[in-house]
Amino acid sequence: MIINLEEIFLHGKPLKIDHYPINIDVQDLPRQDIKNCKAEACVSIEKVMSDVYLEAKVNLAFDCLCDNCVESIKKNLSFSFKHLLVVKEEADSDVDCISVKDYKLDLDSLIIEDIILEFPSKILCSNDCLGLCLKCGKNLNHGDCGCAKKSVDPRLEALKSWLY
């Protein structure tokens, strides 16, 4: 959605958008296993003194695989973003800001970029996920597999005799 921000920049009229659906393509996200992705944002844009700020709260729901146990899971993530919007970017500015040309802002692109930057590198079914057994591959969240827990790397087997 392209938003015209002229009223906000020139007259200070705030804009609030609740429950805005984001059209996000799962191929844009940093994982290949995401399905049924839905994103929704609440956005407010307002002028404070001479600055214009965009604040967004994004809820993202999707299905994927747990990175430890490879179980299919439904995940809900929430992100909050705040950006300073400027009509033209000043060359010597140290402030991170979003340049808005002709008072037009592509809201979808900005929010999708923020989602990609905030997306977690590892997604687990729970914080205490035990993962898979390294020997037999059983999901340890469903119970113990019975494999020996103490094993020595075969490359280090010769060093074992020095310890005992």
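This is a predicted model: local features need pLDDT of at least 70, side-chain atom pairs count only at pLDDT 80 or more; totals for chains, interfaces and linings use all residues.
1. Residues are numbered from 1 along each chain as its sequence is written, and side-chain values use heavy atoms, with hydrogens and water left out.

2. If a disulfide is taken as a pair of cysteine sulfur atoms within 2.5 Å, the count comes to zero. Cys145 is in no disulfide, the nearest cysteine sulfur being that of Cys133 at 3.5 Å; with a relative accessible area of 22%, Cys145 is partly exposed.

3. Strands are DSSP runs of at least two residues, labelled E and numbered from the N terminus, and two of them pair if DSSP finds at least two bridges between them. Strand E4 (residues 51–65) pairs with E5 (residues 72–86) in the antiparallel sense over 14 bridges, and Asn59 stands opposite Ser78 in E5. The hairpin of E4 and E5 has six residues between the strands, and in this hairpin Val70 takes a positive phi near 65°.

4. E5 is also joined by two bridges to strand E6 (residues 98–99), the two running parallel, and the bridge partner of Val86 in E6 is Ser99.

5. Asp63 lies in E4 and, at 14% relative accessibility, counts as buried. Leaving aside residues up to four places away in sequence, Asp63 touches Asp33, Ile34, Lys35, Asn36, Ile73 and Lys74, where contact means heavy atoms within 4.5 Å.

Terms used: Helices (H or I, at least four residues) and strands (E, at least two) are DSSP runs, numbered from the N terminus. Buried means under 20% relative accessible area, exposed over 50%, partly exposed in between (1.4 Å probe, protein chains only).
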